[in-house]
Amino acid sequence: MDLRNKNVLITAGPTIEKIDDVRFISNFSTGKMGYALAQAAEQEAANVFLISGPVSIPKPNNVKVFEVESAQEMFDQVHSLKEDMDLFIMSAAVSDYRPKNKHSGKIKKEYFGDNLTIELEKNPDILKSIGENKRDNQFLVGFALESQDPINNAKRKLINKNCDLIILNTANTKDSGFGGDYNTVKLLFKNGNIIDLPTMKKSDLAFEIIEHF
Ligand code: C5P
């Protein structure tokens, strides 16, 4: 796909789900893959809208960045921009659950004693919500991080979330997934094609991936 003047929405980084005003649930996502994709799309002359959870890496140049914290905030921001988008790349590691009740202030251990139970409720699935309502001319890319039966689980995700492409990271494999500068992925397309890419620096991989849209 020629990305020139296309509107590209990218989610990146983790979300954080507050337990109280000083504690949260999150994950080890650094945002590197999503930020690399944002920079690559920008260099291909796309208009890039990057919706980012809290990360500590520099913002890409010439990209509109929307900073959010929770999955709900990311959901709301994605939905407020969706109509004008041509391409969605959902690379954020969205927390699947959030605390059902948020305590204001700081929870006191003296109050709860030796055991504190935190009840969690499901967050909205942002990728699925876009897949359910997208137009035929909107291209939807999701990520999958699977440790068991990766190809079949990723294929299921492709169908269930109505994606055009799933980028599969395999967990527990060297040079794949969270944190590092390198990544190893497979691209699974809606038409059944699978492309196995070699291990690459995330910045180079981003260009390779966008070639396949
Ligand atoms: O179902 P799973 O979390 O493994 O799917 C991963 C894909 O779904 C990623 O593209 C991720 O950004 C997206 N996702 C989302 N909202 C969620 C959970 C996952 O957009 N609540």
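## Close-up views of a predicted model

**View 1. A buried pair of phenylalanines.** F139 and F213 are both buried. The model shown here and in the other views is predicted. The ring centres of F139 and F213 lie 5.8 Å apart, with 50 degrees between the planes, so the pair is tilted. F139 sits in strand β9, while F213 belongs to the segment after α6 (202-211). The two residues are 74 positions apart, and their pairing links distant parts of the chain.

**View 2. An edge-to-face pair, Y111 and F112.** The structure has three aromatic pairs. One of them joins Y111 and F112. Their centres are 5.1 Å apart. The planes stand at 85 degrees, and the pair is edge-to-face. Y111 is exposed, with 68% relative accessible area. F112 reaches 29% and counts as partly exposed.

View 3. A backbone N or O atom of P124 is 2.8 Å from a nitrogen atom of the ligand. For L127, a backbone N or O atom lies 2.9 Å from an oxygen atom of the ligand. A polar backbone atom of F143 also lies 2.8 Å from a ligand oxygen atom. Taken alone, the ligand exposes 450 Å², and the protein buries 84% of that area.

**View 4. S129 and the backbone of I126.** S129 is found in helix α4. Its relative accessibility is 10%, so S129 counts as buried. The S129 side chain reaches the backbone oxygen of I126 at 2.6 Å.

**View 5. A salt-bridge network at D164.** K134, D164 and K190 are linked in a network of salt bridges. The side chains of K190 and D164 meet at 3.7 Å, N to O. This pair links distant parts of the chain, 26 residues apart. K190 lies in the loop between β12 (185-189) and β13 (194-196). D164 lies in the loop between α5 (150-160) and β10 (165-170). K190 is exposed at 52% relative accessibility, whereas D164 is buried at 13%. The K134 side chain makes a polar contact with the side chain of D164 at 3.1 Å. K134 is placed in the loop between α4 and β9. With a relative accessible area of 15%, K134 is buried.

**View 6. The salt bridge between E83 and R135.** The structure holds 15 salt bridges. In one of them, the side chains of E83 and R135 meet at 3.4 Å, N to O. The pair links distant parts of the chain, 52 residues apart. E83 is in the loop between α2 (71-81) and β6 (87-90). R135 is in the loop between α4 (126-133) and β9 (139-146). R135 is partly exposed, with a relative accessible area of 35%. Side chains of opposite charge can pair when their charged atoms come close.

**View 7. The salt bridge between E119 and K100.** The side chains of E119 and K100 meet in a salt bridge of 3.6 Å, N to O. E119 lies in the loop between α3 and β8. K100 lies in the loop between β7 (97-99) and α3. The residues are 19 positions apart, and the pair links distant parts of the chain. Both partners have accessible area. E119 is partly exposed at 48% relative accessibility. K100 is partly exposed at 43%.

**View 8. A nonpolar surface patch.** Y97, L116, I118 and L120 form a nonpolar patch on the surface. Together they have about 330 Å² of accessible area. I118 is found in the loop between α3 (109-112) and β8 (120-122). At 35% relative accessibility, I118 counts as partly exposed. The loop that holds I118 also carries E119 of the previous view.

Technical notes:
Residues numbered from 1 in each chain as written. Predicted model: local features only at pLDDT ≥ 70, side-chain atom pairs only at ≥ 80, totals over all residues. Heavy atoms only, no water. Patch = residues over 30% accessible without salt bridge, like charges linked within 9 Å, V, L, I, M, F, W, Y side chains within 5 Å. Areas by Shrake-Rupley, 256 points an atom, 1.4 Å probe, with all protein chains shown as cover. Salt bridge = Lys/Arg side-chain N within 4 Å of Asp/Glu carboxyl O. Helix = DSSP H or I, 4+ residues; strand = E, 2+ residues; numbered from the N terminus. Buried < 20%, exposed > 50% of the residue type's maximum accessible area, 1.4 Å probe, protein only. Polar contact = N/O pair within 3.5 Å; in protein donor to acceptor, adjacent residues only side chain to side chain. Phe/Tyr/Trp six-rings, centres within 6.5 Å; stacked < 30°, edge-to-face > 60°.
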